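Please read it alongside the sequence and the coordinates shown here.

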Amino acid sequence: MVKIGNIILGDFPLLLAPMEDVSDPPFRAVCKDQGADLMYTEFISSEGLIRDAIKSRQKLDIFDYERPVGIQIFGGDEEPMAMAAQIVEATNPDLLDINYGCPVKKVVCKGAGSGILKDIPKMVKLTSAVVKATRLPVTVKTRLGWDDNMKNIEEVAERLQDIGIQALTIHGRTRTQMYKGSADWSLIAKVKNNPRIHIPIFGNGDICTPEQAVAARQKYGVDGIMIGRAAIGYPWIFNEIKHFMKTGEHLPLPTVFERVEVCKKHLRHSVAWKGDVVGILEMRRHYTNYLKGLPHIKDFRQQLVTCNTLAAVEDVLDKVAVHYKDHVIERTSPLTDNNLLPANNEVVDCNVYG
């Protein structure tokens with residue numbers, strides 16, 4: 001059984017990745033319903049928490065139905081990170097995660113996120129400050145390294161384990177890759193198979209289908225996997241992977257009606273948490289993914305992104321369910337076989353599944 005501190009996650013947990021402007025409580029709610037074992041908040045600026053910034057504080061909202069859930073923070077200075085850890089602890093999450101993986105320039109230029117991959121001693125100091133500041137289990141999410149000439153993930157894993165982190169998630173790309181190319185799981189496997197490593201190692205990158213999840217487990221030996229883009233508009237991916245691992249068979253794909261009902265549930269959570277205006281506005285980014293694969297959906301989608309009331313949006317979604325009630329969305333896959341490489345070495349479109 002995989003454990004982080006006293007948190008028991010099962011024999012091969014599926015984690016929902018922290019994604020900025022995506023992994024909010026409404027999205028986490030539907031992913032939890034569909035089998036996610038551990039979820040993380042969007043990353044939160046340590047400086048923002050200390051300044052009591054409204055947006056940063058709002059991201060601390062967690063709910064009992066989500067548990068276990070971790071709050072993720074980022075920053076480039078020891079004192080603010082330690083103070084942020086204490087603020088996070090007061091909100092009573094199950095664990096605290098440090099983001100050393102975000103490749104976005106505005107984060108990296110502050111020496112935070114994956115920017116710290118060029119300064120491992122600083123990473124160690126920052127992490128140590130957080131571990132010492134909180135009683136929560138501390139975990140880390142990071143990348144293979146800065147670039148092809150600086151893939152230092154094995155050193156990172158050992159040094160962070162030695163100062164007290166209790167799990168490590170590795171995205172199989174460097175910072176300079178951003179999200180391009182293919183994730184390299186061989187280096188993730190080297191960390192997992194290092195005899196010095198005893199904490200759980202989770203892999204992340206290009207997992208879009210049950211077959212890929214099985215490959216990650218069997219070929220690379222990771223303790224679990226973290227899923228990000230593949231879950232956007234398709235939270236069913238978690239239960240589909242679990243069922244396939246248990247039986248070797250695919251669950252039936254969700255019907256159009258089921259897609260609409262989960263989309264509506266997501267929408268209602270969004271409105272309840274953010275209010276009518278913001279909840280409806282920010283939900284618009286999700287409709288394309290929920291309705292992916294439906295032919296001639298453009299007119300309905302245009303209506304969805306122009307409606308301004310909950311009732312109006314739900315009315316359009318109900319019309320979608322009726323209009324496409326007999327349509328079957330075919331299962332598609334980016335794979336040519338059961339390895340983790342996309343066909344023709346192209347970038348995987350994680351949303352083609354389902």
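C307 is buried, with a relative accessible area of 13%, where buried means under 20% relative accessible area, exposed over 50% and partly exposed in between, for a 1.4 Å probe and protein chains only. The model is predicted, and local features need pLDDT of at least 70, side-chain atom pairs count only at pLDDT 80 or more, while totals for chains, interfaces and linings use all residues. Residues are numbered from 1 along each chain as its sequence is written, and side-chain values use heavy atoms, with hydrogens and water left out.

**Cysteines**
- Zero disulfides, each defined as a pair of cysteine sulfur atoms within 2.5 Å, are found in a search of the whole structure.
- C307 is in no disulfide, and the nearest cysteine sulfur, that of C263, is 12 Å away.
- C208 is also buried, with a relative accessible area of 1%.

**Nonpolar cores**
- A nonpolar core is a set of buried Ala, Val, Leu, Ile, Met, Phe, Trp, Tyr and Cys residues joined through side-chain atoms within 4.5 Å, and the largest has 109 residues, with W185, I225, I227, F238 and V320 making the most contacts inside it.
- Helix α6 (residues 120–133) gives this core its largest share, seven residues, helices being DSSP runs of H or I with at least four residues and strands runs of E with at least two, numbered from the N terminus.
- Leaving aside neighbours within four places in sequence, V320 is in contact (heavy atoms within 4.5 Å) with V256, V260, L291, L294, I297 and F300.
- Another core, of five residues, lies apart from the largest one and includes F43, F74, V107 and A112.

**Pockets**
- A pocket is an open set of points on a 1 Å grid over the protein atoms alone, where a 1.4 Å probe fits and protein lies on both sides within 12 Å along at least five of seven lines, and lining residues have an atom within 4 Å of a point.
- The largest pocket holds about 960 Å³ of space, and of the 44 residues lining this pocket, E20, F43, N99, C102 and V107 lie nearest its centre.
- The largest share of that lining, three residues, comes from α2.
- The second largest pocket has a volume of about 170 Å³, and its lining has three nonpolar, one polar and eight charged residues, with D21, D24, K55 and R285 among the lining residues.

Key: Points joined across faces, edges and corners; volume = space filled by probe spheres on them. Nonpolar A, V, L, I, M, F, W, Y, C, P; charged D, E, K, R; others polar.
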